[in-house]
Amino acid sequence: MPPFNGPIEIGLRALTLLSEAFPSAYSLQRMVVSDYLLVHSDDLPDGPPGLHPKTPHRGGELLVRRAVLEQGLMLYQSRGLLERHYTETGLMFAATERTAAFLDALSSDYAAQLRERAAWLVSLFGEMSDSELLKIANSQVGEWGAEFSMESVLKVEDAEWQ
């Protein structure tokens, strides 16, 4: 069955990422970029094979990811699997004590590969600030494919992070 990019799946990817980063909390902007990298990990040098196919104009995914991600986060938060934290730097999301047990109950190959990609991504960028991650994303925009035309969107995100 092909991957689905609705609130349930995008929220599940965020949940997996936050579980791997536990107890750290991530901003929504960080999770938008991270979600892209989770499914298109092969867009980074030496990244593992991507979970989703390299489709033309896949950079357009970033346009719709934020709203759908917010819906997914609210879904999993309503089930006690995520927490919202209001900090000096803005709204942050974190896994809860229940998150890992929930993810352990998932047995699909996709879920296992997703956890592997989340561990890889957190090990690569986990200690990096949001602004540092955004700089890498901005510098890689052209490298992620000529069809990746989201540079202006990332620059708007950059302005929001400042």
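This is a predicted model: local features need pLDDT of at least 70, side-chain atom pairs count only at pLDDT 80 or more; totals for chains, interfaces and linings use all residues.
**View 1. Helix α1 on its own.** Let's start with α1, which runs over residues 7–21. Its 15 residues reach 20 Å from the first C-alpha to the last, close to the 21 Å expected at 1.5 Å a residue. Helix α1 is mostly covered, with 12 of its 15 residues buried. Among the buried ones are Glu 9, Arg 13, Thr 16 and Ser 19, along with Ile 10, Leu 12 and Leu 15.

**View 2. Helix α1 packed with helix α2.** Here α1 meets α2 (residues 28–39) at an angle of about 95 degrees, and their axes lie 10 Å apart. Because angles of 65 to 115 degrees count as roughly perpendicular, that label applies to α1 and α2. On the α1 side, look for Ile 10, Arg 13, Ala 14, Leu 17 and Leu 18; α2 brings Met 31, Ser 34, Asp 35, Leu 38 and Val 39. By class, this contact has seven nonpolar residues, one polar and two charged.

**View 3. Helix α2 packed with helix α5.** In this view α2 is joined by α5 (residues 109–125), with axes that come within 9 Å and cross at roughly 125 degrees. That angle makes α2 oblique to α5, and the crossing is right-handed. From α2, the contact takes in Arg 30, Ser 34, Leu 37, Leu 38 and Val 39. Facing them from α5 are Tyr 110, Leu 114, Arg 117, Ala 118, Trp 120, Leu 121 and Phe 125. These contact residues divide into nine nonpolar, one polar and two charged.

Methods: Residues are numbered from 1 along each chain as its sequence is written. Side-chain values use heavy atoms; hydrogens and water are left out. Axes are lines fitted to C-alpha atoms, for helices over the stretch in contact, and angles run from 0 to 180 degrees between N-to-C directions. Helices (H or I, at least four residues) and strands (E, at least two) are DSSP runs, numbered from the N terminus. Angles under 35 degrees count as roughly parallel, over 145 as roughly antiparallel, 65 to 115 as roughly perpendicular and the rest as oblique. Contact means heavy atoms within 4.5 Å. Ala, Val, Leu, Ile, Met, Phe, Trp, Tyr, Cys and Pro count as nonpolar, Asp, Glu, Lys and Arg as charged, and the others, Gly among them, as polar. A crossing is left-handed if the near helix is turned anticlockwise from the far one by less than a right angle, and right-handed if clockwise. The expected span of a helix is 1.5 Å times one less than its number of residues. Buried means under 20% relative accessible area, exposed over 50%, partly exposed in between (1.4 Å probe, protein chains only).
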